[in-house]
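Subject: Structure handover

Hello,

Here is the structure we talked about. Please open it before reading on; my notes follow below.

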Amino acid sequence: MAEDGAVTLYKATSITDAKKNSFSIKAGLAQMLRGGAIVEVSTLNQAKIAEEADACCLVITEPNCQGISRMPDPSIIKQIKRCVLIPVMARSRVGHFVEAQILERVGVDYIDESEVLAIADENNFINKHNFGCPFVCGCKNLGDALRRVREGAAMIRTQGALLGTGNIAETVKNVRSVMGEIRILNNMDEDEVFAFSKEIAAPYDLVAQTKQMGRLPVVHFAAGGIVTPADAALMMQLGCDGVFVGSEVFDNGSDPYKRVRGIVEAVRHYNDPHVLVENSCGLEEEMAGLNVSEETMEPFGEGGA
């Protein structure tokens with residue numbers, strides 16, 4: 001598959017000729033975050049708490065953003081970068097390559113082309129091969145993921161709920177969708193891969209590479225509703241490489257450090273029940289403000305499943 005330009009740093013090949021494109025380097029930088037928790041912060045104090053809790057990376061967002069959501073103020077990024085030693089990520093709007101240019105110039109370590117913000121271009125994503133900075137992109141299924149990889153994404157983020165309610169159901173649904181499609185692909189005859197790639201509207205070479213590897217060809221994180229150690233361990237046991245933790249972990253309770261640290265430990269030791277028990281104790285009061293009301297819950301079995 002190397003001759004076809006397929007992606008996989010795990011198999012020592014890259015998406016394009018390494019002499020002409022730095023994708024292999026960007027994919028390697030993304031792999032450095034595997035097995036970690038990326039924490040969303042909007043203030044310097046939150047950034048310091050997340051760093052002390054051993055988060056692998058910070059996502060800087062605008063505090064109390066009203067109206068159209070855009071990239072964070074570069075001055076906030078600079079302020080936080082001066083005070084922390086771990087990598088920093090910032091979001092740009094989907095298709096807004098100028099915001100990405102600004103973020104790259106400011107010196108962020110990763111750019112998240114995020115559907116969490118307002119969408120700047122409804123038809124086109126950023127051509128991420130034009131940037132030296134690794135990009136993160138969201139997906140809800142395997143086709144989404146592989147199309148983003150073809151555009152140059154070095155990390156895939158399977159996205160769940162965007163409202164910050166602590167409801168993990170949508171995230172679980174989408175992660176299972178991606179993993180389920182990969183399992184179906186793994187069991188296919190080679191001749192069936194052509195039709196499958198057409199069905200999911202993804203590049204054939206990436207579909208074939210995914211079949212060969214038995215996983216996505218780049219690092220795969222989960223995001224949305226992950227607010228407890230159990231949530232984080234669930235995502236890891238479902239097959240993700242790490243998790244994104246929303247800023248809602250800082251909004252309620254008296255000890256955000258304990259909550260973030262518990263999630264970090266759960267990601268690292270997701271198969272160790274003793275560690276999970278230890279880090280889940282005493283979090284009920286901390287999570288009280290994140291409980292989803294019954295009015296916002298869809299009755300089981302009525303979601304078209």
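Is D54 buried, partly exposed or exposed? D54 counts as partly exposed, at 35% relative accessibility. Bear in mind that this is a predicted model.

Salt bridges

The whole structure has 15 salt bridges. D54 takes part in one with R261, at 3.7 Å from N to O. That pair links distant parts of the chain, 207 residues apart. D54 sits in the loop between α2 (44–52) and β2 (57–60), while R261 belongs to helix α10 (residues 256–268). R261 is partly exposed, at 23% relative accessibility.

R261 also forms a salt bridge with E265, with the closest N and O atoms 3.0 Å apart. These two are four residues apart in helix α10, so about one helical turn separates them. E265 counts as buried, at 15%. A network of salt bridges links D54, R261, E265 and R268.

Look at R93 and E99 too. Their side chains meet in a salt bridge of 2.8 Å, N to O. R93 is buried at 13% relative accessible area, and E99 is buried at 5%.

Cysteines

There are zero disulfides. Take C137: its closest cysteine sulfur, in C139, is 9.6 Å away, which is too far for a bond. C137 is buried, with a relative accessible area of 0%. C83 is partly exposed, at 38%.

Surface charge

D189, E190, D191 and E192 form a patch of negative charge on the surface. D189 lies in the loop between α6 (169–186) and α7 (193–199). Its relative accessible area is 43%, so D189 is partly exposed.

Best wishes

Note on methods: Residues numbered from 1 in each chain as written. Predicted model: local features only at pLDDT ≥ 70, side-chain atom pairs only at ≥ 80, totals over all residues. Heavy atoms only, no water. Disulfide = S-S within 2.5 Å. Buried < 20%, exposed > 50% of the residue type's maximum accessible area, 1.4 Å probe, protein only. Patch = residues over 30% accessible without salt bridge, like charges linked within 9 Å, V, L, I, M, F, W, Y side chains within 5 Å. Areas by Shrake-Rupley, 256 points an atom, 1.4 Å probe, with all protein chains shown as cover. Salt bridge = Lys/Arg side-chain N within 4 Å of Asp/Glu carboxyl O. Lys, Arg positive; Asp, Glu negative; His and termini not counted. Charge placed at Lys NZ, Arg CZ, Asp CG, Glu CD.
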